[in-house]
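Open the model in your viewer and keep the selection tool at hand. This is a short tour, one stop at a time.

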Amino acid sequence: VQLQAFGGGLVQAGGSLRLSCAASGSIYSINAMGWYRQAPGKQRELVATITSGGTTNYADSVKGRFTISRDNAKNTVYLQMNSLKPEDTAVYYCNANIRTRGGLPPMYYWGKGTQVTVSS
């Protein structure tokens with residue numbers, strides 16, 4: 001199973017970016033999916049999660065600015081980021097709880113991360 005993230009880049013404060021992350025491989029089902037971020041010198045932190053049924057959860061710092069969504073048919077999770085601030089600068093990682101076709105219990109998988117840089 002692999003998770004591949006796309007959409008990072010450099011944007012000015014107040015701008016928008018949309019991240020996407022597609023899961024591929026021997027997937028039977030995907031439970032929760034989410035986005036985390038890690039800024040230089042800081043611990044990785046939760047940004048947003050979404051269950052298979054569409055229930056969402058956001059960090060307080062991004063509520064009202066970021067929107068997480070998913071396309072179950074495409075095994076893809078998205079993060080629409082609006083009103084970006086310099087403090088949103090970080091490497092963004094996608095995460096998914098996936099049950100593979102091998103019959104093993106679900107496991108968490110991580111993508112490699114995509115850099116988001118917000119200039120002031």
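This is a predicted model: local features need pLDDT of at least 70, side-chain atom pairs count only at pLDDT 80 or more; totals for chains, interfaces and linings use all residues.

Zoom in on strand 7 and strand 8, residues 76-81. The two run antiparallel and are joined over 6 bridges. Which residue is the bridge partner of Ile 68 in strand 8? Select Leu 79 to see it.

Move on to the rings. The count of aromatic pairs comes to 1. Select Tyr 36 and Trp 110 to show that pair. Their arrangement is edge-to-face, with 5.0 Å centre to centre and 65 degrees between the planes. Where in the chain do the two partners sit? Tyr 36 belongs to strand 4, residues 27-38, and Trp 110 to strand 10, residues 107-110. The pair links distant parts of the chain, 74 residues apart.

Stay on Trp 110. Is Trp 110 buried, exposed or partly exposed? Its relative accessibility is 40%, so Trp 110 counts as partly exposed.

Arg 44 lies over the face of Trp 110, at 4.7 Å from the ring centre. Then select Tyr 93. The charged end of Arg 44 also sits over the ring of Tyr 93, 3.7 Å from its centre.

Terms used:
Residues are numbered from 1 along each chain as its sequence is written. Side-chain values use heavy atoms; hydrogens and water are left out. Two strands pair if DSSP finds at least two bridges between them. Helices (H or I, at least four residues) and strands (E, at least two) are DSSP runs, numbered from the N terminus. Rings of Phe, Tyr and Trp (its six-membered ring) pair if their centres lie within 6.5 Å; planes under 30 degrees apart count as stacked, over 60 as edge-to-face and the rest as tilted. Buried means under 20% relative accessible area, exposed over 50%, partly exposed in between (1.4 Å probe, protein chains only). A charge sits over a ring if NZ of Lys or CZ of Arg is within 6 Å of the ring centre and within 35 degrees of the ring normal.
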